[in-house]
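These are my notes from an afternoon of looking things up in one model.

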Amino acid sequence: MSEITTLDEFIIQRQKDFSYATGELTGLLRDIGVAAKIVNREVNKAGLVNILGSYGGSNESGDDVKKLDIFANEKFIKCLSNSGECCGIASEENEDIIPVDPVDGKESKYILVMDPLDGSSNIDVNVSVGTIFGIYRRVSSSDQSVSKKDFLQKGKELVAAGYVLYGTSTMLVYSTGRGVNGFTLDPSIGEFCLSHRDMQIPEKGVYYSVNQGYYLKFDVEMRRYIDYCSDLNLRLRYIGSMVSDIHRILFQGGIFLYPNTRKYPKGKLRLLYECNPIAFIVEQAGGRAINCKLEDILELPVHELHQRSSVVIGSPQMVEEMKEFIQKYQEPSSSELPKA
Ligand code: P6P
């Protein structure tokens, strides 16, 4: 029987890679693993307990809030607060940041951003959902209270990022900037076990992932690119859960797109806790992540917690080809149009 490496063992092994490591990041990643197992337990039995359905109201992004959203948010916050391994949290479910009090006088240097249960519109119909998280070093000094400026950092400043996919199996995929590794939850021992070491996204693939229903609401060059994907007989796969759609592309290659639309002129997905952590992971696995203005996602300035962005993420060859496509078809701005 091949040797099992649990998430905890792997994190501790990898801690040695960072000479300056003090164990805080290790503790924070382990807390995330514990919270993921707790959320997984509820997601897996959601149909059996009164936890399905809407909680009522909407979150800061205007999305309908499901009960599991709130449960997941509360569990991650509780797990992270108990250990004090981070000094603040920003969540899709909360308007403002959540300061975390020091535990046993320990002053943490990390903050966490998260979408505790992404794709929650799928919960009631038993389709995969996910958690997305990112970890930054705080920029304020430890003798100050954590503030919003600690969170408004570019994606390239991420120390670590990952996602949990609550699917046919539950996986935790993360990176601390030295490659991407995947862990599958073994329910018989209650541990995430290393199942996908040093994940690399294929250079290209046969999948494209976009909500085709918005086709007529995309800019013309985006419609032409989607037509091009169709002409290439690429296969459309889109289930409305970013973690699930990205996970397929990370494993099998392809391109995920959520362009800006008339309803979401800046894009729908949130830069801080959806686009940046996913972009960090995909680029660590050899992929690319840009917005529809062809700017690198990880370089985008972050001005507010729930800021939105258009996004194109996936296999490097396909994203580069899409860039060339957009440049070729982008309608010249009025300032570039020839004078009448
Ligand atoms: P649409 C889920 O609400 C989410 O934030 C992402 O997980 C997903 O990719 C996207 O929105 C789905 O949005 O407009 O296609 O339903």
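I note here that the model is a predicted one. Ser83 belongs to helix H3, which covers residues 67–83. When I set aside the neighbours within four places in sequence, I found Ser83 in contact with Asp31, Val103 and Lys106.

**Helix H2**

I then turned to helix H2, which takes in residues 24–44 and has 21 residues. From its first C-alpha to its last I noted a reach of 30 Å, close to the 30 Å expected at 1.5 Å a residue. Of the 21 residues of H2, 15 are buried, so I recorded this helix as largely enclosed by the rest of the structure.

**Glu157**

My next entry concerns Glu157, which I located in the loop between strand S6 (129–137) and strand S7 (160–166). Glu157 has a relative accessible area of 40% and is therefore partly exposed, a class that lies between the limits of 20% and 50%. I also checked Glu157 against Tyr136: the two are 21 residues apart along the chain, and their C-alpha atoms are separated by 6.7 Å.

**The pair H5 and H6**

How do the axes of helix H5 and helix H6 cross, and at what angle? For H5 (residues 242–252) and H6 (residues 271–284) I noted axes that come within 12 Å and cross at roughly 15°. The crossing of the two helices is right-handed. On the H5 side the contact is made by Met242, Ile246 and Leu250, and on the H6 side by Glu274, Cys275, Ile278, Ile281 and Val282. Sorting the residues of this contact, I have seven nonpolar, no polar and one charged.

**More on H6**

Is H6 largely enclosed or largely open to the outside? Twelve of the 14 residues of H6 are buried, so I wrote it down as largely enclosed by the rest of the structure. Among the buried residues of H6 are Glu274, Cys275, Ile278, Ile281 and Val282, which also take part in the contact with H5. Leu271, Leu272, Tyr273 and Phe280 are also among the buried residues of H6. My last entry is Gly286, which follows H6 and has a positive phi, near 95°.

Conventions: Residues numbered from 1 in each chain as written. Predicted model: local features only at pLDDT ≥ 70, side-chain atom pairs only at ≥ 80, totals over all residues. Heavy atoms only, no water. Axes fitted to C-alpha atoms, helices over the stretch in contact; angles between N-to-C directions. Helix = DSSP H or I, 4+ residues; strand = E, 2+ residues; numbered from the N terminus. Left-handed = near helix turned anticlockwise from the far one by under 90°. Contact = heavy atoms within 4.5 Å. Nonpolar A, V, L, I, M, F, W, Y, C, P; charged D, E, K, R; others polar. Expected span 1.5 Å × (residues − 1). Buried < 20%, exposed > 50% of the residue type's maximum accessible area, 1.4 Å probe, protein only.
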